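This briefing describes a protein chain and the two ligands placed with it. Please look at the sequence and the structure first.

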Amino acid sequence: MVRFASSTRDVPDTSTVPRHVAIIMDGNGRWAKKRLLPRVAGHHRGVETVRATVKTCLERGIEYLTLFAFSSENWRRPEEEVSLLMQLFVRALKEEVKKLDRNGVRLRVIGDLSRFDSDLQALIAASEERTAGNDRLVLTIAANYGGRWDILQAVNRMLSSDQEARAQWSESDLAPHLAMSYAPEPDLFIRTGGEQRISNFLLWQLAYSELYFTEVLWPEFDARAFEAALTSYQQRERRFGRTSEQVLGTSQPAVVPTGPRIDA
Ligand code: IPE
Ligand code: IPE
Ligand code: MG
């Protein structure tokens with residue numbers, strides 16, 4: 001099993017282009033409302049933004065793209081909207097998988113899939129299987145996903161996989177059981193639509209991600225808007241707990257003060 005460095009245990013290697021970008025695609029409803037359209041029209045436009053975002057990732061050599069499509073809390077929406085979102089998900093999977101496959105994209109879906117109907121579960125499994133040999137970009141769709149659900153299911157899997165009673169568990173015991181253990185932690189987190197919150201997305205994995213919030217609504221988040229997020233990322237100094245001097249390699253060796261001795 002590939003084990004990626006945990007940003008709270010080791011200092012990961014970073015580069016100017018993020019390896020992993022995770023996005024909360026928000027603002028579809030408001031985009032539609034502004035145009036006096038039904039909310040679902042915004043979700044339809046949102047699928048086009050997904051296409052464009054995947055294209056930019058392929059062009060820029062981003063290796064992992066994770067998109068929050070449906071949260072465990074989104075079941076609280078009106079039944080009609082939930083049902084339309086499910087239909088859209090099915091349609092998008094059916095229409096896009098061939099193209100994703102052609103472009104070397106591996107599709108993965110994370111979340112509690114047991115709540116989806118069996119046809120959708122089968123479609124997800126078939127889409128994942130079809131693209132399983134690709135490695136140019138890993139596109140993860142978080143569906144019926146919640147960060148707390150993820151941590152809890154990881155704890156349960158950790159406890160049942162190791163029968164040995166232990167007094168202490170470490171981060172590295174739990175991390176491999178998280179839903180996205182196949183990917184490094186996100187370097188860059190983007191939320192469109194103006195809200196500045198995590199909304200139960202990747203709670204564990206965002207520990208040291210760079211956060212970027214934009215007012216741009218998801219249907220309008222075009223290549224230029226994505227580029228602005230990538231530029232902002234390039235200007236950040238990722239310290240992972242260290243000082244700026246350490247990061248820049250300009251830290252002086254610790255000097256022991258040589259002033260007069262003060263005896264008590
Ligand atoms: C995000 O857009 C899409 C989903 C949550 C499925 P919203 O539907 O939340 O759009 P706003 O926030 O109402 O504008
Ligand atoms: C978060 O968006 C979930 C997705 C984008 C799928 P919401 O629009 O549901 O978030 P909150 O509830 O307003 O924070
Ligand atoms: Mg929203």
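The notes below cover the chain, the two ligand sites and one residue of interest.

This is a predicted model, in which local features need pLDDT of at least 70, side-chain atom pairs count only at pLDDT 80 or more, and totals for chains, interfaces and linings use all residues. Residues are numbered from 1 along each chain as its sequence is written, chains are lettered from A and ligands numbered from 1 in the order in which they are written, and side-chain values use heavy atoms, with hydrogens and water left out.

**The chain**

- The chain has eight helices and six strands; helices (H or I, at least four residues) and strands (E, at least two) are DSSP runs, numbered from the N terminus.
- Read from the N terminus, the order of elements is β-α-α-β-α-β-α-β-α-α-β-β-α-α.
- Along the principal axes, the C-alpha atoms fill a box of roughly 80 × 50 × 35 Å.
- Of the 264 residues in the chain, 44% are buried, where buried means under 20% relative accessible area, exposed over 50%, and partly exposed in between (1.4 Å probe, protein chains only).

**Ligand 1**

- The residues surrounding ligand 1 are Met25, Asp26, Gly27, Asn28, Gly29, Arg30, Arg39, His43, Ala69, Asn74, Arg77 and Leu85; a residue counts if one of its heavy atoms lies within 4 Å of the ligand.
- Polar side-chain atoms of Arg39 and of Arg77 each lie 2.8 Å from an oxygen atom of ligand 1, and a backbone N or O atom of Gly29 lies 2.9 Å from an oxygen atom of this ligand.
- A polar contact is a pair of N or O atoms within 3.5 Å; within protein, one must be able to donate a hydrogen and the other to accept it, and residues adjacent in sequence count only if both atoms are side-chain atoms.
- On its own, ligand 1 has 380 Å² of accessible area, of which the protein covers 87%; accessible areas come from the Shrake-Rupley method with a 1.4 Å probe, and for residues only the protein chains shown count as cover.
- Helix H1 (28-34) and helix H2 (39-60) are the elements that give two or more residues to the shell around ligand 1, and H1 provides the largest share, three residues.
- By class, this shell holds three nonpolar, five polar and four charged residues; Ala, Val, Leu, Ile, Met, Phe, Trp, Tyr, Cys and Pro count as nonpolar, Asp, Glu, Lys and Arg as charged, and the others, Gly among them, as polar.

**Ligand 2**

- The shell around ligand 2 includes Ile24, Phe68, Phe70, Ser71, Arg191, Arg197 and Ser199.
- An oxygen atom of ligand 2 lies 2.6 Å from a polar side-chain atom of Arg197, and the corresponding distances are 2.8 Å for a side-chain N or O atom of Asn74 and 3.2 Å for one of Arg77.
- The protein covers 79% of the 390 Å² of accessible area that ligand 2 has on its own.
- Strand S2 (residues 64-71) gives the most to this shell, with four residues.
- The shell around ligand 2 divides into five nonpolar, three polar and four charged residues.

**Asn74**

- Asn74 is found in the loop between S2 and helix H3 (79-102).
- With a relative accessible area of 17%, Asn74 is buried.
- A polar atom of the Asn74 side chain lies 2.8 Å from the backbone nitrogen of Ser71.
- Asn74 is among the residues around ligand 1 and is also among those around ligand 2.
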